[in-house]
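Here's a quick briefing on charge pairs and a greasy surface spot. Have a look at the fold before reading on.

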Amino acid sequence: MAIDSELLYEVKDRIATITLNRPDKMNAFTGPMIDRWSASLNEAQSDPNVNVVIVTGAGRAFCSGGDVGRMGAGAPTPLDNKNGLWEHIHRVPKALEAMDKPVIAMVNGVAVGAGMGMSLMCDMRIASDAARFSTGYVRVGLVPGDGDTYFLPRLIGTARALELLWTADFIEAPEALRLGIVNRVVPADKLQEETYAFARRVADGPQVPVRMIKRLVYQSMRLDLRTHLDLVSSHMAVVRETEDHKEGVQAFKEKRPPKFKGR
């Protein structure tokens with residue numbers, strides 16, 4: 001199988017879909033797939049025809065983590081190991097951090113180790129009722145290598161995150177919903193329908209406010225209140241001048257649905 005076919009990228013109706021496409025390997029990713037993954041994210045960010053990104057897996061798994069057999073069991077030195085993460089696998093979370101467009105993980109099945117981490121670093125997760133999650137790493141004597149220790153506590157709190165990271169227990173979809181790991185759980189046969197319906201709703205909305213809201217939410221986690229409110233006032237000054245704001249106000253006055261440009 002050609003490397004390009006192991007990670008698919010498609011744009012339709014202002015939604016970009018990234019599909020991990022190694023179903024026979026439960027979508028375990030390889031080095032070249034990581035390169036293509038980060039490149040696809042950068043492409044979506046710069047493409048004016050993309051408003052929302054969906055990440056999913058082919059077959060019965062979302063992602064089972066890295067394919068150690070294809071990537072090699074380990075690098076010769078600790079520095080090589082470190083650089084292998086920083087310069088390759090970490091390209092995905094670094095690309096996601098730079099994106100101001102919404103990114104949704106459509107979790108169709110098992111998400112383990114780095115696979116769970118890759119779902120956590122998306123803005124939100126919509127899961128099939130067949131989805132299962134496990135941090136995984138501690139079972140093989142490792143620490144999470146792709147950001148689980150950053151993203152998971154921010155979603156569910158420190159104590160619960162430590163429990164999952166220390167035990168690597170599997171979490172079924174309903175429990176993941178209760179804990180706040182996923183936003184929604186839907187029947188497996190409705191997963192695509194409901195995920196794309198939500199994505200289209202966001203993609204058809206006023207894009208300047210959508211992207212500024214994402215920036216504000218993430219920036220708020222690193223700023224004091226006064227600095228954050230200063231940013232809010234600046235963003236508000238900009239969005240008040242957009243055509244979508246004018247359309248929204250006019251639609252409200254006319255008691256009709258707004259017709260945003262969707263870009």
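Which side chain meets K214 in a salt bridge? The side chain of D123 does, with N and O 2.7 Å apart. A salt bridge here means a side-chain nitrogen of Lys or Arg within 4 Å of a carboxyl oxygen of Asp or Glu, and by that rule the count comes to 12.

Keep in mind that this is a predicted model, where local features need pLDDT of at least 70, side-chain atom pairs count only at pLDDT 80 or more, and totals for chains, interfaces and linings use all residues. Residues are numbered from 1 along each chain as its sequence is written, and side-chain values use heavy atoms, with hydrogens and water left out.

- Helices (H or I, at least four residues) and strands (E, at least two) are DSSP runs, numbered from the N terminus.
- K214 counts as buried at 10% relative accessibility, whereas D123 counts as partly exposed at 24%. Buried means under 20% relative accessible area, exposed over 50%, and partly exposed in between (1.4 Å probe, protein chains only).
- D100 pairs up with R215 in another salt bridge, the closest N and O atoms being 2.8 Å apart.
- D100 is buried, at 10% relative accessibility, but R215 is partly exposed, at 37%.

- E6 forms a salt bridge with R22, and their closest N and O atoms are 3.9 Å apart.
- E6 belongs to helix α1 (residues 3–6), and R22 to the loop between β2 (15–20) and α2 (31–46), 16 residues away.
- Both partners are tucked in: E6 is buried at 4% relative accessible area, and R22 is buried at 6%.

**A nonpolar patch**

- I213, V217, Y218 and M221 make up a nonpolar patch on the surface, with about 370 Å² of accessible area together. Patches are made of residues with over 30% relative accessible area and no salt bridge, joining like charges within 9 Å and nonpolar side chains (Val, Leu, Ile, Met, Phe, Trp, Tyr) within 5 Å. Accessible areas come from the Shrake-Rupley method with a 1.4 Å probe, and for residues only the protein chains shown count as cover.
- V217 sits in helix α11 (residues 207–220) and is partly exposed, with a relative accessible area of 41%.
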